[in-house]
Amino acid sequence: MLRFACQPGCTRCCEQRGWVWLSENDVSKAAAFLGLEQADFEARYVVRTARRIRLRKPRAKQCHFLDEGAGCSIHPAKPTQCRLFPFWPELVENRNAWKGTATYCPGIGKGPLIQIGAALEIDDEMHNAYPEQYPVPNRNKNLPPGKNSSA
Ligand code: SF4
Ligand code: SF4
């Protein structure tokens, strides 16, 4: 079982180096939340590669939408990986990676106990949102630890 409760006012996960990956649904939700046409939103904030979509990263910080002192400025429409952190496959499926993430996420180890089955159901949402990155849930495989990868 895992214990987790996001801590009010904390933005530590948003400050970590790494990409924010997007599903198609993430793109349309965030664009709608900001009142932008999807094409305008993408031109300003999104990078598409052959197989994947991610937020563009500004020079001085990790994310355009991180407002110092106020948190995520698109909170109701934040991307799937942000909404589900720390229940990412590479963390939920790897005990050492989960413990390692506690070095910067103060919510790990606090709050109610979460059954591993419930944690894996949340983790499945990551597999569904990012099938190129997490193609096949393999509950017996120890994935290497790491942020949602390669910044
Ligand atoms: S680092 Fe952990 S506690 Fe802080 S905002 Fe992210 S999930 Fe919540
Ligand atoms: S989109 Fe919001 S939650 Fe995700 S990294 Fe940026 S500021 Fe943080």
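This is a predicted model: local features need pLDDT of at least 70, side-chain atom pairs count only at pLDDT 80 or more; totals for chains, interfaces and linings use all residues.

Me: How many residues does the chain have, and what percentage of them is buried?

Reply: The chain has 151 residues, and buried residues make up 24% of them. Sequence separation is a second thing to read. Among contacts between residues at least 6 apart in sequence, 72% join residues at least 24 apart.

Me: Which residues of the largest nonpolar core touch the most other members?

Reply: The general idea is that nonpolar side chains tend to be buried together in soluble globular proteins. Here the largest nonpolar core has 25 residues, and V20, W21 and W88 touch the most other members. Two or more residues of this core come from each of α2 (24–34), β3 (53–55), α5 (89–92), α6 (95–101) and α7 (116–129).

Me: Let us take the helices in turn. Which residues of α2 are buried?

Reply: For a helix, one asks where the buried residues point. In α2 the buried residues are D26, A30 and A31. They line one face of the helix, because their directions fall within an arc of 125° when seen down the axis of α2. The exposed residues E24 and N25 are carried on the face turned away from that buried side.

Me: Against which helices do the buried residues of α2 pack?

Reply: They pack against α3 (38–45) and α4.

Me: How many residues does α7 have, and how far does it reach from its first C-alpha to its last?

Reply: One compares the span of a helix with the span expected from its residues. α7 has 14 residues and reaches 20 Å, close to the 20 Å expected at 1.5 Å a residue.

Me: Which residues of α7 are buried, and which are exposed on the other side?

Reply: D123, M126 and A129 are the buried residues. These lie on the same side of α7, because they cover an arc of only 105° around the axis. On the other side of α7, G117, E121 and N128 are exposed. The buried residues of α7 pack against α4 (80–84) and α5.

Me: What should I look for in the backbone where α2 ends and at P86?

Reply: The background is that most residues other than glycine have a negative phi, and most peptide bonds are trans. α2 is followed by G35, whose phi is positive, near 70°. A cis peptide bond joins F85 and P86, with omega about 5°. P86 lies in the loop between α4 and α5.

Me: How do the residues of the shell around ligand 2 divide?

Reply: They divide into nine nonpolar, no polar and one charged. The residues that surround ligand 2 are C14, V20, C63, F65, L66, C72, I74, K78, P79 and C82.

Me: Is I74 buried or exposed?

Reply: Burial is read by counting C-beta neighbours, and 20 or more within 10 Å make a residue buried. I74 is buried because it has 20 other C-beta atoms within 10 Å. It is found in the loop between β5 (71–72) and α4. Setting aside residues up to four places away in sequence, I74 touches A30, F33, L34 and F65. I74 and K29, 45 residues apart in sequence, are 9.7 Å apart in space, C-alpha to C-alpha.

Me: Why does L36 count as partly exposed?

Reply: L36 counts as partly exposed because it has 15 C-beta neighbours inside 10 Å. This residue is found in the loop between α2 and α3. Apart from neighbours within four places in sequence, L36 is in contact with A31 and F41.

Me: Where is D67 found?

Reply: D67 is found in strand β4 (residues 66–67). D67 is partly exposed, with 15 other C-beta atoms within 10 Å. The C-alpha atoms of D67 and T11 are separated by 9.4 Å, although the two are 56 residues apart along the chain.

Notes
Residues are numbered from 1 along each chain as its sequence is written. Chains are lettered from A and ligands numbered from 1 in the order in which they are written. A residue is near a molecule or strand if its C-beta atom, placed from the backbone, lies within 6 Å of it. Ala, Val, Leu, Ile, Met, Phe, Trp, Tyr, Cys and Pro count as nonpolar, Asp, Glu, Lys and Arg as charged, and the others, Gly among them, as polar. A nonpolar core is a set of buried Ala, Val, Leu, Ile, Met, Phe, Trp, Tyr and Cys residues joined through C-beta atoms within 7 Å. A residue is buried if 20 or more other C-beta atoms lie within 10 Å of its own, exposed if 12 or fewer, and partly exposed in between; C-beta atoms are placed from the backbone. Helices (H or I, at least four residues) and strands (E, at least two) are DSSP runs, numbered from the N terminus. The expected span of a helix is 1.5 Å times one less than its number of residues. The arc is that of the directions from the helix axis to the C-beta atoms. Two residues are in contact if their C-beta atoms, placed from the backbone, lie within 7 Å.
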